[in-house]
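User: Hi! I am new to protein structures and would like to learn how to read one. Could you walk me through it?

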Amino acid sequence: MGLELALLPRLQRDLTEPEPIPEAGIARACELMRSGRLFRYGEMGADQNDVAVLEQEFAALIARRYCVAVNSGGAALCLALKVLDVQPGEPVLVNGFTLAPVPGAILHAGARPVLVEIGADYVIDCDDLRRKARASGARVLLLSHMRGHIADMDAVMGACEELGLVLVEDCAHALCATWNGRAIGTFGEAAAFSAQTYKHLNAGEGGFLVLDDAHRAARAILHSGSYMLHEQHLSAPASDVIAGWEERTPNFSMRMTALAAALLRPQLRDLPRRVARWNAIHDRIASAMHALSMFACRPVRRGSNTPRHPSSSRCSASRMARLPQCSIAVPPAACRSNGSAPAGSVASPAHRATGAMPASRGRCRRPTPSWPVSATSAHLSR
Ligand SMILES: Cc1ncc(COP(=O)(O)O)c(C=O)c1O
């Protein structure tokens with residue numbers, strides 16, 4: 001094995017290299033910086049409406065009634081739970097194959113994460129969901145479409161109905177994915193997206209909460225930190241609905257800046273090209289890795305180079321494999337052998353059993369420091 005590893009070619013490229021911001025975004029950002037007006041609201045009326053227009057555009061893209069732009073995907077998840085009235089200490093179910101900010105958002109909302117196992121196909125195990133829901137008494141499922149691996153949403157929705165669970169979707173890796181032609185992000189009561197640099201939309205930091213319920217949207221706007229300026233929102237319920245919540249909704253200061261919105265708006269228009277490009281990159285890396293017998297790459301059940309389910313479209317799927325710092329490829333077994341999980345990730349027994357890598361950002365604590373190969377792909381269904 002050692003020799004085989006040593007013979008592998010060295011990685012010459014930074015696979016996490018992001019795309020540049022479109023020129024239109026740079027130009028608008030410069031304009032805003034020259035004006036100094038980077039806050040999304042203006043005391044005397046909207047000075048600019050980049051964030052408000054972006055919210056309208058994003059809601060239309062996902063086909064949801066309302067969108068609230070915030071400063072991170074994690075903030076959007078936290079807000080989703082807050083507007084669902086999740087209480088301190090309340091159990092919230094979450095698939096164990098996700099990234100640390102997802103259970104982090106549950107804790108941020110004051111609740112308690114209850115990890116649900118995944119199957120060998122990386123997606124939530126609905127039998128374990130039933131077990132954990134009954135044992136914990138949870139009423140909310142936070143489903144993370146991790147790395148674009150889309151669960152059988154018919155089965156998930158059926159289980160939610162049977163168990164009386166309210167669904168929140170974490171779509172940080174699933175922008176533009178579909179299930180049976182229906183956009184991911186439209187199944188849950190609310191859905192959260194991220195605009196952190198390594199996502200399809202890059203503002204450095206940023207996030208979106210989308211939902212359809214007017215009262216929950218009103219509360220999310222107020223929680224995000226709209227002060228008395230919520231009338232400047234364009235993707236919003238009637239102002240009397242918002243006013244009805246104003247006196248009893250705390251401000252959590254989670255606003256998106258005008259600068260982030262300026263960078264993001266032209267990227268929305270660029271999504272079809274970006275998604276096609278990421279899919280092509282994914283396919284190229286995936287086929288090369290399949291050729292290497294030493295990699296313990298499992299076929300991706302849905303949403304990758306070998307879709308096994310006709311209902312899903314590909315989006316943001318990744319290869320789960322790791323390379324040590326000396327640029328020699330190491331199969332996931334290297335992490336599995338001592339039961340260690342990458343730092344900053346969430347591991348459940350299922351990860352160890354299936355060899356799934358629970359997250360791809362952190363480093364494997366032993367036996368060697370490593371970083372992931374995370375080739376992302378996406379497929380625009382519109
Ligand atoms: C699966 C997943 N969900 C949620 C998040 C949180 O997004 P953000 O970093 O914008 O808070 C991330 C971040 O990378 C993520 O990978």
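**Reading helix pairs, loops and a ligand shell**

Analyst: Happy to! Let us begin with a pair of helices: helix 6 and helix 7 cross in a right-handed sense. Keep in mind as we go that this is a predicted model.

User: How do I describe such a pair in general?

Analyst: Two packed helices are described by the angle between their axes and the distance between those axes. Here, the axes of helix 6 and helix 7 (residues 153-163) come within 10 Å and cross at roughly 20 degrees. Angles under 35 degrees count as roughly parallel, so helix 6 is roughly parallel to helix 7.

User: Which residues make the contact of helix 6 with helix 7?

Analyst: Helix 6 brings Cys-126, Leu-129, Arg-130 and Ala-133, while helix 7 brings Ala-155, Val-156, Ala-159 and Leu-163. By class, that contact has seven nonpolar residues, no polar ones and one charged.

User: Can we try another pair? At what angle do helix 3 and helix 10 cross?

Analyst: The axes of helix 3 (residues 50-62) and helix 10 cross at roughly 40 degrees and come within 9 Å. Helix 3 passes helix 10 in a left-handed crossing. On the helix 3 side the contact includes Val-51, Leu-54 and Leu-61, and on the helix 10 side it includes Ala-258, Ala-261 and Leu-268. Nine nonpolar, no polar and three charged residues make up this contact.

User: Where do Tyr-122 and Ser-253 sit?

Analyst: Tyr-122 lies in the loop between strand 3 (112-116) and helix 6 (126-136). Ser-253 is in the loop between helix 9 (239-246) and helix 10 (258-290).

User: Is Tyr-122 buried or exposed, and is Ser-253 buried or exposed?

Analyst: Count the C-beta neighbours inside 10 Å. Tyr-122 counts as buried because it has 29 of them, whereas Ser-253 counts as exposed because it has 12. Across the chain, buried residues make up 52% of the 382 residues.

User: Which residues of helix 5 are buried, and what covers them?

Analyst: The buried residues of helix 5 are Pro-101, Val-102, Pro-103, Ala-105 and Ile-106. Their cover includes helix 4, strand 2 (91-95), strand 3, strand 4 (140-144) and strand 5 (166-170). Just after helix 5, Gly-110 takes a positive phi of about 90 degrees.

User: Which residues come nearest to the ligand?

Analyst: Of the 15 residues around the ligand, Ser-72, Gly-73, Gly-74, Ala-172 and Ser-194 come nearest. Helix 4 (73-83) and helix 5 (101-108) are the elements that give two or more residues to this shell. Sorted by class, the shell has five nonpolar, nine polar and one charged residue.

User: Finally, how many helices and strands are in the chain?

Analyst: The chain has twelve helices and eleven strands. Among contacts between residues at least 6 apart in sequence, 68% join residues at least 24 apart.

How values were computed
Residues numbered from 1 in each chain as written. Predicted model: local features only at pLDDT ≥ 70, side-chain atom pairs only at ≥ 80, totals over all residues. Helix = DSSP H or I, 4+ residues; strand = E, 2+ residues; numbered from the N terminus. Buried ≥ 20, exposed ≤ 12 C-beta atoms within 10 Å, placed from the backbone. Contact = placed C-beta atoms within 7 Å. Near = placed C-beta within 6 Å. Nonpolar A, V, L, I, M, F, W, Y, C, P; charged D, E, K, R; others polar. Axes fitted to C-alpha atoms, helices over the stretch in contact; angles between N-to-C directions. Left-handed = near helix turned anticlockwise from the far one by under 90°. Parallel < 35°, antiparallel > 145°, perpendicular 65-115°, else oblique.
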